[in-house]
Amino acid sequence: MSEERRPESPSPPPSPFKGEGAEEGNASFVGEGARKGHVSFKGDGAAKEQEHIALVRERLAAAKNVMAITGAGISAESGVPTFRDDKGLWQKFNPLDYATREAFRRDPVKVWKWYDERRVNMAQAKPNAAHQALAAMAQPGRRVFIVTQNVDDLHEQAGSKEVVHIHGSLWRIRCERDGTVLENREVPLSELPPLCMCGETMRPDIVWFGEDLPWQPVEQIRHYFLEGPIDLCLVVGTEASFGYILQWALQARESGAMVVDVNPRDTGLGSIVDVHLRGKAGEVLPELL
Ligand SMILES: [Zn+2]
């Protein structure tokens with residue numbers, strides 16, 4: 001169905017923004033945008049596309065502060081399997097067997113074998129033109145703050161400096177007993193499951209089904225919003241079906257940002273979006289530079 005990378009989960013984890021985002025319905029955003037004088041450029045015609053690109057390019061050229069919210073669509077172009085679309089991981093695997101705390105308690109080795117295989121595949125993945133374009137947008141005098149739902153490190157590999165992972169990282173492991181978090185890039189893992197110094201089995205540091213977003217990235221994002229107006233918010237390769245994604249896009253808009261949706265398909269962003277750029281991130285983003 002979607003190319004969304006859920007937080008490894010078929011249903012959104014409880015979010016600190018619950019009730020303020022999607023759950024209240026997109027309709028409430030319609031009047032808001034109109035009152036703030038945002039102009040909508042949602043024409044579907046290919047002829048309009050260049051016009052839209054030009055608009056966003058112009059905004060970017062003058063921007064001092066850019067927020068990018070990225071999802072599975074951007075990594076899919078690097079060959080990283082997605083979760084929900086036709087070829088997605090959840091077509092082959094039942095998420096309840098791999099991406100829940102219960103599954104992990106039941107059979108940590110089975111869960112770890114699955115993650116180990118994903119890590120082996122991920123170790124081959126390289127950033128694509130979309131990651132590179134976002135990295136290139138950060139220049140002296142222009143901040144680019146990336147919030148990603150992806151558990152890979154392709155943004156960092158491309159050279160982006162400010163990257164917040166809200167759904168965790170495949171390259172970190174965590175002990176639930178004492179809270180130890182370690183970076184671990186060994187592929188394949190020599191020890192399954194990896195053990196903490198305290199003797200406890202360590203888990204992937206990834207947000208699973210039914211788990212809350214980790215507080216640290218949420219705090220980083222909260223601080224970012226306090227740090228000044230945002231000129232441009234690019235929502236890339238995510239269908240934005242989580243309330244908190246909508247909430248952040250809306251906050252960026254209220255902070256003054258032009259909100260741009262880069263996706264070949266329709267997304268849940270609705271009227272929060274000022275400009276839809278329909279296309280693959282790897283093709284659209286380089287055009288903005
Ligand atoms: Zn421990």
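Q: Which residue is the bridge partner of Arg174 in S6?
A: Arg203 is the partner of Arg174. This is a predicted model: local features need pLDDT of at least 70, side-chain atom pairs count only at pLDDT 80 or more, and totals for chains, interfaces and linings use all residues. Residues are numbered from 1 along each chain as its sequence is written. Helices (H or I, at least four residues) and strands (E, at least two) are DSSP runs, numbered from the N terminus.

Q: In what sense do S4 and S6 pair, and over how many bridges?
A: Strands of a sheet pair through backbone hydrogen bonds, either parallel or antiparallel. Two strands count as paired if DSSP finds at least two bridges between them. Here S4 and S6 are antiparallel, with 4 bridges. Ile173 has Pro204 as its bridge partner in S6.

Q: How many bridges join S4 to S5?
A: There are 3 bridges between S4 and strand S5 (residues 181-183), and the two run antiparallel. In S5, Glu183 is the bridge partner of Arg172.

Q: In what order do the 3 strands of the open antiparallel sheet stand?
A: The order is S5-S4-S6. S5 and S6 are the edge strands, each pairing on one side only. Neighbouring strands are turned by 50° against each other on average, direction ignored. For such angles, axes are lines fitted to C-alpha atoms, for helices over the stretch in contact, and angles run from 0 to 180 degrees between N-to-C directions.

Q: How many residues of S4 are buried?
A: A residue is buried if 20 or more other C-beta atoms lie within 10 Å of its own, exposed if 12 or fewer, and partly exposed in between; the C-beta atoms are placed from the backbone. By that count, 6 of the 7 residues of S4 are buried.

Q: Which residue in the hairpin of S4 and S5 takes a positive phi?
A: Most residues other than glycine have a negative phi, and most peptide bonds are trans. In this hairpin, with 6 residues between the strands, Gly179 has a positive phi near 80°. Gly256, which follows H10, also has a positive phi, near 115°.

Q: Where is the peptide bond to Pro188 placed, and what is its omega?
A: Pro188 sits in the loop between S5 and S6. The bond from Val187 to Pro188 is cis, with omega near -15°. Pro193 is in the loop between S5 and S6 too. Leu192 and Pro193 are joined by a cis peptide bond, omega about -5°.

Q: Why is Val207 called buried?
A: Val207 is buried because 23 other C-beta atoms lie within 10 Å. Its place is the loop between S6 and helix H9 (215-226).

Q: What span does helix H6 reach?
A: The expected span of a helix is 1.5 Å times one less than its number of residues. H6 (residues 108-124) has 17 residues and reaches 25 Å from first C-alpha to last, close to the 24 Å expected. Its buried residues are Val111, Trp112, Tyr115, Asp116, Arg118, Arg119 and Met122.

Q: What covers the buried residues of H6?
A: Contact means that the C-beta atoms of two residues, placed from the backbone, lie within 7 Å. The cover includes helix H5 (101-106), strand S4 (168-174) and strand S6 (203-206).

Q: In what order do the strands of the parallel sheet stand?
A: This open sheet has 6 strands, ordered S3-S2-S1-S7-S8-S9. Strand S3 (162-165) and strand S9 (275-277) stand at the edges with a single partner strand each, so one side of each has no neighbour in the sheet. The twist averages 20° from one strand to the next.

Q: Which helix packs on the sheet and touches S1, S7, S8 and S9?
A: Helix H2 (residues 46-62) does, and its direction makes about 115° with that of S9. Strand S1 (residues 65-70) and strand S7 (residues 232-236) pair in the parallel sense over 5 bridges. Val66 stands opposite Leu232 in S7.

Q: Which strands does H9 lie across?
A: H9 lies across strand S2 (143-148) and S3, at about 135° to S3. Gln220 belongs to helix H9. Gln220 is partly exposed because it has 15 C-beta neighbours inside 10 Å.
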